[in-house]
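Morning, everyone. I have one structure to walk through today. Please bring it up on the screen.

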Amino acid sequence: MAGAPIILVPGFWLGAWAWDEVVDLLRAEGHDVTALTLPGLESRDTDRSQVRLTDHVDAIVDAVKSKDRRVVLAVHSGAGVPGYAASDRVPDRIALMVYVDTAPGSGAINPDLTDPELPMPSPEDLAKNENLTGLAEEQLAEFRRRAVPEPAGAVRDAPILENDARLDVPATVICTAYSSEDYKKYAQEGHSWLDGLNVLRNITYIDLPTSHWPMWSRPKDLARILGDLATAAGKA
């Protein structure tokens, strides 16, 4: 076995498919890798009207508990909130939390959302609000073709955080769209989606300048980092 098992959770509008290239690279190196599709994100035809944040947390916790060893749990973008909540539930089963261009969020992502779901933004809004550095037009087109609206319940709900043991789970933040210095600065300013960075007791930052979707814009580099982290976690 090449280190600790790796569980990959994609961010908004994505399924397990978003990690395909990274998964192939990691498996080629002998790693045990599982990519998740969270409830409600299976397809556009899925009924997601009753999906809540706890359903996403449950899915992540179930994946963690399915392994017979402590895991590296890597969460991307909007999955930072349910991922952090999962570390609250099963801190003893996680060797390392990896936040891929995200952070341990302590509040609801959008508590004021009134629509029944949150669709992917228009190309114009996406380009205006997100870092697309290094992404090919073909990749963006595939993203848009396969994107699934996010369940509103998962976006409106705040995570349940009541186990202080989560604060001792080692964490690595892979900073892509923003630098590590930006992350630290914004966390100090009090943004709720970064709040956990102010309280976790063991955080490492890695800068990987690229888009908000490094699994597409720099998959080899991201896979190398994840593989190295899993190898080190397996020896700890």
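Which residues does Leu36 touch, not counting residues up to four places away in sequence? Hold that question for a moment.

Some ground rules come before the answer. This is a predicted model, where local features need pLDDT of at least 70 and side-chain atom pairs count only at pLDDT 80 or more, while totals for chains, interfaces and linings use all residues. Residues are numbered from 1 along each chain as its sequence is written, and side-chain values use heavy atoms, with hydrogens and water left out.

Back to Leu36. Leu36 touches Ile7, Leu8, Val9, Pro10, Gly15, Ala16, Ala59, Ile60 and Ala63. Contact means heavy atoms within 4.5 Å. Leu36 sits in the loop between E2 and H2. Helices (H or I, at least four residues) and strands (E, at least two) are DSSP runs, numbered from the N terminus. Leu36 is buried, at a relative accessible area of 12%. Buried means under 20% relative accessible area, exposed means over 50%, and partly exposed is in between, using a 1.4 Å probe and protein chains only. Take Ala59 from that contact list. Leu36 and Ala59 are 23 residues apart in sequence, and 8.3 Å apart in space, C-alpha to C-alpha.

Next, the strands. E1 covers residues 6-9. Ile6 and Leu8 point one way, Ile7 and Val9 the other, and all are buried. In a regular strand the side chains alternate between the two faces of the sheet. E1 is joined to E2, residues 33-35, by 3 bridges, and the two run parallel. Strands pair if DSSP finds at least two bridges between them. Ile7 stands opposite Thr34 in E2.

Now the helices. How many of the 10 residues of helix H3 are buried? The count is 9, so H3, residues 80-89, is largely enclosed by the rest of the structure. Those buried residues include Gly80, Tyr84 and Asp88. What do they pack against? Helix H2 (53-65), strand E3 (71-76) and strand E4 (94-100).

Stay with H2, which holds His56. His56 is buried, with a relative accessible area of 2%. Beyond its neighbours within four places in sequence, His56 is in contact with Leu38, Pro39, Leu41, Val51, Pro82, Glu150, Pro151 and Ala154. Pro82 is one of the buried residues of H3.

Is Pro119 buried or partly exposed? Pro119 is partly exposed, at a relative accessible area of 47%. Its place is the loop between strand E5 (117-118) and helix H4 (123-129). Setting aside neighbours within four places in sequence, Pro119 is in contact with Trp13 and Pro149. Pro119 and Val148 are 29 residues apart in sequence, yet 6.9 Å apart in space, C-alpha to C-alpha.

Last, the whole chain. The protein chain has 9 helices and 8 strands. Buried residues make up 52% of its 236 residues. Among contacts with a separation of 6 or more, 79% are between residues 24 or more positions apart. Along its principal axes, the C-alpha trace spans about 45 × 40 × 35 Å. The chain has 23 positive and 36 negative side chains. Lys and Arg count as positive, Asp and Glu as negative; His and the chain ends are not counted. The centres of the two sets lie 4 Å apart, with each charge placed at NZ of Lys, CZ of Arg, CG of Asp or CD of Glu.
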